[in-house]
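Reader: I would like to see the terms set against their cut-offs. Please show the structure and then start with how its elements are assigned.

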Amino acid sequence: MENRDSTIDIAKGICIFLMVLGHTFFYSWFNDRVYLFHMPFFFFVSGFFFSTKNNLKDFVLNKTKRLLVPMLIYWAFGMLLTLPMALQSGNLPEFHIGALWFLLSLWTIFLLAYFISKFAEGYISKLLLGFVFLAVAYGLKANDIQMPCHFVQSLFMLPIFLLGMIFYQSKIHLIKDESYEANRSLYQLFFYKMKYYLLIGFLGLVILAIGNLGYLNIERLIVPNPFSLFVGAFSGIFLILVISKICCILFPKITKFLSNLGKKSLHVLGFHFAILEILYFFVIALGIRMEKWLGVDVHTGLEIKQMPLLALLLAIVATCISYYLGHFFEKTCPSLWSNKKT
């Protein structure tokens, strides 16, 4: 039987929905806070299960099948889906990868982490190398040096990936008693007593709510100083983990839904942006035709994008459609997602 930690899946489900909500074109203080941690969270969690057991060739092939092949599928799907809208407006669709930059950047980070692990022994030495790369990233950004394949973004997120690896995999030797294992990871210690992780979650919430933290947008390389980067990221990361644990304990029905969503978070990432564009295309067209009945001036369509309740509704719809699309395609062509057909 599969021994899978539902807390992590729930946290992934929460963060992937927050990512979709952040892409609804509705900008607010809430979105600014979410951007501080929602993408760093996925880099952090990706480090949990990092391993160098395979040789370099098998490692690269595995990550390519799991990240780059799906990225190309999502990109092709998005291009085909939005092509009619682009042609109707008299333009060709843009060939940017949008939210799929994460998969390309994560693939790069896996390779960097692989070489770091082969070169440096011990978690501390690995992390020190990660911060060296972070300093390089800040230097490249300061000199406005762009690099292909979102390489600079990868350098910024590499330390967070390595911290995730240390948080989940490192073992701390403690005094053993009847109810407590002698060696436990930082992740296990984090959830050992409810009063401790609730306190950490509350502190994360307070920092996100009132902290004077700089705006973060990794894709566009809008990165604050290192203090704001890490404080903002980990305040949100630990808050989401705490919320996930609370859901596990108190809300089993919500837990099942969010856990399933977290397991398919890759598909939601890949499909949601094109789905959102389609939804806005029809909603704006409908709104323009009904503006008198609605009592709202929507002749440009921008007004609709500033409606928070509509943004929430479209985020829910786009998330659900993306989830079921991914489920359908994965079941139909499992080999494309590195799955065995059952």
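Author: Helices (H or I, at least four residues) and strands (E, at least two) are DSSP runs, numbered from the N terminus. On that basis the protein has 14 helices and two strands. This is a predicted model, where local features need pLDDT of at least 70, side-chain atom pairs count only at pLDDT 80 or more, and totals for chains, interfaces and linings use all residues. Residues are numbered from 1 along each chain as its sequence is written, and side-chain values use heavy atoms, with hydrogens and water left out.

Reader: Why is I145 called partly exposed?

Author: Buried means under 20% relative accessible area, exposed over 50%, and partly exposed in between (1.4 Å probe, protein chains only). I145 has 38% relative accessibility, so it counts as partly exposed. I145 lies in the loop between helix 6 (123-142) and helix 7.

Reader: How do you know that the span of helix 5 is close to the expected one?

Author: The expected span of a helix is 1.5 Å times one less than its number of residues. Helix 5 (residues 101-119) has 19 residues, and the expected value is 27 Å; from first C-alpha to last, helix 5 reaches 27 Å.

Reader: Why is helix 7 called oblique to helix 10?

Author: Axes are lines fitted to C-alpha atoms, for helices over the stretch in contact, and angles run from 0 to 180 degrees between N-to-C directions. Angles under 35 degrees count as roughly parallel, over 145 as roughly antiparallel, 65 to 115 as roughly perpendicular and the rest as oblique. Helix 7 (residues 151-169) and helix 10 (residues 226-250) pack at about 40°, with axes 12 Å apart. Helix 7 is therefore oblique to helix 10.

Reader: What makes helix 9 oblique to helix 10?

Author: The axes of helix 9 (residues 194-210) and helix 10 cross at roughly 135° and come within 8 Å. Helix 9 is therefore oblique to helix 10.

Reader: Which classes of residue make up the contact of helix 9 with helix 10?

Author: Contact means heavy atoms within 4.5 Å. Residues of helix 9, including Y197, G201 and L208, meet residues of helix 10, among them S235, G236 and K245. Ala, Val, Leu, Ile, Met, Phe, Trp, Tyr, Cys and Pro count as nonpolar, Asp, Glu, Lys and Arg as charged, and the others, Gly among them, as polar. By class, this contact has 13 nonpolar, five polar and one charged residues.
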